[in-house]
Amino acid sequence: MSQDSGPRLIEVEEFFVDPAFANPSISPDGTRIAYLAPAHGRRNVWVRGVDQEHADAVCVTHDARRGITTYYWPDDSRWLLYLQDTDGNEDWHLYRVDLDAPDQDPLDLTPLPPGSRVFGAEPLPSHPGSMLVAMNKRPYAIDLYRVVVATGATTLHHEQVDPAESVLLDQRGEPAFSTRIAADGTLEIYAVDRAGQEPRLLRRLGGAEYPVGVQPQLVTPDGAGLLFGAYTDSDDLRLLRLDRETGAETLVAAVEGHSLDILGTMAPGVLPPTVFTSRRTGGVIAARFVDDKPHIEVLDKHFAEVYAELSKLSDGVLGTLASDESEQRWVATFVHDRDPAVTWLYDHLTRKSRVLFRPYPHLDPADLATMDPVRFTARDGLPLHGFLTLPTGITPEGLALVLLVHGGPWQHDTWGYNPQAQLLANRGYAVLQVNFRGSTGYGKRHTTAAIGEFARAMQTDLIDAVDWAVAQGYADPGRIGIMGGSYGGYAALVGAALAPGRFAAGVDYVGVSDLASFLRALPPFTKPYNVNSWYAYVGDPDDPAAEADMRSRSPISMIDQIKAPLLVARGTNDARVVKGGSDDIVARLRENGIAVEYLLATDEGHGFDNTENQIRLHHAIDGHFARHLGAGRSVTA
């Protein structure tokens with residue numbers, strides 16, 4: 001492909017600059033809109049009136065060190081709250097901003113000791129003016145605290161007695177249900193009646209098919225039921241209601257052959273949610289299911305009218321959604337592969353709508369590539385789903401291909417805008433993403449097929465995906481790269497080792513190099529939750545036999561088999577993957593004469609957040625693949 005053919009050559013900076021607008025929401029009283037936008041060189045929170053433009057908005061946070069991602073409206077629209085850590089170390093604190101005095105310094109509502117963090121916050125209807133905040137002032141326990149927003153006064157609301165137990169509160173702030181992970185991994189759901197009474201066991205669920213726990217978990221507004229995701233007698237994850245008194249189960253939402261999409265439970269307010277809830281009633285109004293394009297199942301008659309109007313606004317899929325307390329005004333974003341997260345304001349009373357903003361106004365959708373769903377079969381017959389992004393403007397034959405491996409591994413790739421895939425496609429690569437076994441979203445059988453299969457069938461699924469792309473004629477077998485972050489970085493290293501002739505280059509971004517060391521480094525409060533995930537799928541590092549097996553499946557033990565040139569990137573403050581493992585990988589590969597570029601960011605953790613580091617990383621990726629795969633359009637080759 002010539003340098004001038006195809007779409008406009010888009011600079012790295014255009015893909016990885018902070019969005020001009022992101023994460024919109026509307027205040028409870030419906031008068032103001034909050035969102036993230038650049039200020040002081042970072043993402044900060046801005047607030048403006050619903051009828052105003054960005055030129056009228058006020059920047060209400062002033063963080064020049066690290067961008068803000070998560071913020072909250074409490075019940076009083078005078079205040080705004082946000083989470084922030086220190087250089088990516090995940091020691092999250094909750095800060096308060098006074099919108100009547102936005103130039104004042106923020107108040108840290110959660111002055112925690114080192115090693116403790118905030119896990120999340122939500123308004124507490126039974127205590128107006130307060131937020132319910134989950135944090136581990138005690139290192140091994142995640143307790144619930146009631147924090148008065150105006151003053152910062154903090155009261156212990158519920159103490160976690162059993163580290164393996166989580167409590168779910170009703171709208172009065174009283175415990176209604178609890179969930180517990182038994183020693184054998186069984187998930188148990190209890191009804192909590194009154195203080196002093198023993199919880200009543202209502203339901204037991206199998207363990208390993210829920211590697212990130214039962215998701216979602218929502219107490220119904222009347223406190224009489226629990227909505228939760230479960231397989232029960234199906235291979236599909238469905239939304240069920242469990243009655244608090246009788247233990248009877250009722251099906252709330254199901255789509256034959258498709259599972260609930262639980263990605264949003266991992267980043268509430270940032271990723272599209274698993275279920276949409278009414279701000280007015282607290283009830284569930286719609287649920288998201290995994291499909292070639294995500295599928296929205298509407299569950300509420302009133303919202304059906306709203307959704308019908310919202311669906312006219314975009315040919316994408318409803319992403320995030322917020323309304324005022326009256327549910328007259330709605331702020332909606334849409335998932336789209338080439339025109340991402342366009343934000344609309346819709347007034348249900350007048351039926352009028354208008355675009356609030358586009359996050360990347362400098363990108364023309366016509367210059368971007370489509371993401372197409374693909375299907376193929378693993379060598380053992382397991383059906384696999386993935387997505388193929390092909391460069392536009394050229395015949396998709398014999399292309400250099402990058403296999404882009406998702407993290408988790410208990411996540412999944414989904415249709416939508418992916419800046420990494422778009423950058424690579426813009427450079428002339430085919431980009432293949434595969435939901436290998438162990439990925440969520442494709443049923444119980446698909447997830448549990450990964451038990452014991454790290455560096456085994458999980459890895460051969462990736463090879464089978466590449467073979468499919470070669471067989472279809474899309475990919476040149478001599479120009480295949482592999483790249484991923486976290487678990488995807490681990491898979492890139494393992495792929496380079498176990499299939500040395502298959503991959504011409506690899507990128508390990510915050511990847512695990514030693515499974516046992518990784519598990520030992522996890523914070524102590526995670527241990528009860530590892531029973532159904534890491535311990536079930538990989539092993540307990542305190543078991544000598546399991547530790548030896550982990551060692552055999554760790555990249556640190558495969559270094560002599562790696563022949564392909566690598567790019568290794570990580571943050572110094574990574575709280576999940578220890579720096580020493582990456583140092584060892586790089587040093588030993590260089591001793592073996594393998595070309596390795598090592599990119600270290602001293603102000604980052606488990607993933608790069610600051611714009612300059614994202615740009616630096618992707619310039620390095622662009623140049624790395626240009627040198628070793630030769631797509632022909634890199635501006636940094």
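Which residue stands opposite H93 in β7? Q84 does. Before going on: this is a predicted model, where local features need pLDDT of at least 70, side-chain atom pairs count only at pLDDT 80 or more, and totals for chains, interfaces and linings use all residues. Residues are numbered from 1 along each chain as its sequence is written, and side-chain values use heavy atoms, with hydrogens and water left out.

Strands here are DSSP runs of E, at least two residues, and helices are runs of H or I, at least four, both numbered from the N terminus. Two strands pair if DSSP finds at least two bridges between them.

β7 covers residues 93-98. Strand β6, residues 79-84, runs antiparallel to β7 and is joined to it by six bridges. β7 also pairs with strand β8, residues 107-108, antiparallel, over two bridges; there Y95 is partnered with D108. Five of the six β7 residues are buried, meaning under 20% relative accessible area with a 1.4 Å probe, protein chains only.

Next, a hairpin. β13 (residues 165-169) and β14 (residues 175-181) are antiparallel, with five bridges, and S166 faces T179. Five residues lie between the strands, and G173 has a positive phi near 85 degrees.

Last, the helices. The axes of α5 (residues 457-471) and α6 (residues 487-498) come within 11 Å and cross at roughly 75 degrees; axes are lines fitted to C-alpha atoms over the stretch in contact, with angles from 0 to 180 degrees between N-to-C directions. So α5 is roughly perpendicular to α6, a label for 65 to 115 degrees. M458, Q459 and L462 of α5 meet Y487, A491, V494 and G495 of α6, contact being heavy atoms within 4.5 Å.

Technical notes: Buried means under 20% relative accessible area, exposed over 50%, partly exposed in between (1.4 Å probe, protein chains only). Angles under 35 degrees count as roughly parallel, over 145 as roughly antiparallel, 65 to 115 as roughly perpendicular and the rest as oblique.
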